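Subject: Handing over a structure, with notes

Dear colleague,

I am passing this structure on to you, with the sequence alongside, and my notes follow below. Please read them with the structure open.

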Amino acid sequence: MSSAPRDALEFPESDRGFLEPHLPPQDGSAPQSDLPFTTLTFATSLDSSLALSPGARTVLSGPQSKAMTHYLRSRHDGIVIGVGTAVADDPGLNCRITGVGGYGQEGLAGQPRPVVIDPTARWEFSDDSKLFQLCREGRGLAPWIITAVENPNSQKQALLERYDGRFISVKMIRTHTGRHQIDWPDLLVTLKSNGLGSVMIEGGGQVIKSLLSPPYMSLLDSVIVTIAPTWLGEGGVVVSPARRFDEGGNAISAARLKNVKWYPFGEDVVLCGQIKLSD
Ligand SMILES: NC(=O)C1=CN([C@@H]2O[C@H](COP(=O)(O)OP(=O)(O)OC[C@H]3O[C@@H](n4cnc5c(N)ncnc54)[C@H](O)[C@@H]3O)[C@@H](O)[C@H]2O)C=CC1
Ligand SMILES: Nc1nc(O)c(N)c(N[C@@H]2O[C@H](COP(=O)(O)O)[C@@H](O)[C@H]2O)n1
């Protein structure tokens, strides 16, 4: 054991039990699959915003639900975010729960692999980026960057490789508006084949919106949302999936949860459930 850094978080045993049915099984009871156990998890305001604006790092979770998110990180092998979040937040994407590697334990056991979806390899990370600071301090893993670019910038490649991160080039679909659209099953299979048996997808808005659309929402095993008692107001990064219509052309709900449980957590409430796929 080594001493835990000052930013270590506590998440007591007594708070962990309720999450267990919503987490990747620890007893090997998960069915054999090419796909990882996939959890969608994020924090939202009462007006369904993730952040004050696309470029603004915004604290929504209170101390208890923040610690819960770090516990979730300890229970998944990878954390997936979009490049918009990487650029806006310069995130750490490590697990800061006391007892994991770098937080009271030698090595990096319990640290998730950060995975950044960056179709055009536009993220201008450097040695000063938070992720690499944490790598140097032995408190986190280097990112894998998912891109459609076949030969990304060699300086960026060298920096990534210095910390044992890498670019992973995948095929992406181009939509009629010219945007890249990841093939989610293909990405998840790639992550599993690279050793990530479970992943949590944290956001941001575009990532969540695309995952909450058919057919991709069926890939989600679990959804865990922290709801903070605040309205961020107009101009926020809103989570609102594309509209859906029934055969008669009437608008229907875009996505719905089943097996829902609500847990008050400090001033926040944590909502756990699974995607309801049909009536
Ligand atoms: N409250 C919370 O829990 C969280 C808040 N955030 C916030 O969200 C904001 C960023 O959200 P966004 O601007 O929506 O950015 P984003 O993180 O969703 O990234 C958008 C970019 O990622 C790529 N991307 C996303 N989905 C893709 C797909 N399906 N296929 C291919 N490429 C895809 C594209 O390059 C796109 O431009 C930040 O302000 C951040 O702080 C982010 C994560 C969690
Ligand atoms: N659970 C949660 N609550 C919030 O209030 C948030 N703003 C986020 N954001 C996500 O966490 C990432 C930051 O992680 P580090 O603290 O830097 O490790 C951020 O990039 C979002 O993915 N999440």
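Which atom of ligand 1 lies 2.8 Å from a backbone N or O atom of I182, and of what element is it? It is a nitrogen atom of ligand 1 that lies at this distance from the backbone of I182. Please keep in mind throughout that the model is predicted, and that the distances below are computed from it.

The surroundings of ligand 1

Two further backbone contacts involve oxygen: a backbone N or O atom of G205 lies 3.0 Å from an oxygen atom of ligand 1, and a polar backbone atom of V207 is 3.2 Å from an oxygen atom of the ligand. The protein covers 88% of the 850 Å² of accessible area that ligand 1 has on its own. Two or more residues of the shell around ligand 1 come from each of β1, α2 (83-89), β7 (180-182), β8 and α6 (205-211), and it is α2 that gives the largest share, with five residues. There are 29 residues around ligand 1, of which A43, T85, D89, I182 and Q206 come nearest; sorted by class, the shell holds 15 nonpolar, eleven polar and three charged residues.

The surroundings of ligand 2

For ligand 2 the shell is made of 16 residues, with L60, S61, D89, G92 and R96 as the closest, and you will notice that D89 is also listed among the residues that come nearest to ligand 1. A polar backbone atom of T58 is 2.8 Å from a nitrogen atom of ligand 2, while T69 places a polar side-chain atom 3.2 Å from a nitrogen atom of this ligand. On the oxygen side, a backbone N or O atom of G92 lies 2.8 Å from an oxygen atom of ligand 2. Of the 520 Å² of accessible area that ligand 2 has on its own, the protein covers 85%. Helices α1 and α2 each supply at least two residues of this shell, and its residues divide into six nonpolar, five polar and five charged.

The sheet and the helix across it

Nine strands form an open sheet with mixed pairing, and their order is β5-β4-β3-β2-β8-β1-β9-β13-β12. The edges are β5 (166-169) and β12 (257-265), each of which pairs on one side only, and from one strand to the next the twist averages 20 degrees.

Backbone points to check by eye

Most residues other than glycine have a negative phi, and most peptide bonds are trans. Against that background, the peptide bond from G203 to G204 is cis, with omega near 0 degrees, and G204 is found in the loop between β8 and α6, two elements that each give two or more residues to the shell around ligand 1. Finally, S48, a residue other than glycine, has a positive phi near 60 degrees, and its place is in the loop between β1 and α1.

With kind regards

Conventions: Residues are numbered from 1 along each chain as its sequence is written. Chains are lettered from A and ligands numbered from 1 in the order in which they are written. This is a predicted model: local features need pLDDT of at least 70, side-chain atom pairs count only at pLDDT 80 or more; totals for chains, interfaces and linings use all residues. Side-chain values use heavy atoms; hydrogens and water are left out. Two strands pair if DSSP finds at least two bridges between them. Helices (H or I, at least four residues) and strands (E, at least two) are DSSP runs, numbered from the N terminus. Axes are lines fitted to C-alpha atoms, for helices over the stretch in contact, and angles run from 0 to 180 degrees between N-to-C directions. A residue is near a molecule or strand if one of its heavy atoms lies within 4 Å of it. A polar contact is a pair of N or O atoms within 3.5 Å; within protein, one must be able to donate a hydrogen and the other to accept it, and residues adjacent in sequence count only if both atoms are side-chain atoms. Accessible areas come from the Shrake-Rupley method with a 1.4 Å probe; for residues, only the protein chains shown count as cover. Ala, Val, Leu, Ile, Met, Phe, Trp, Tyr, Cys and Pro count as nonpolar, Asp, Glu, Lys and Arg as charged, and the others, Gly among them, as polar.
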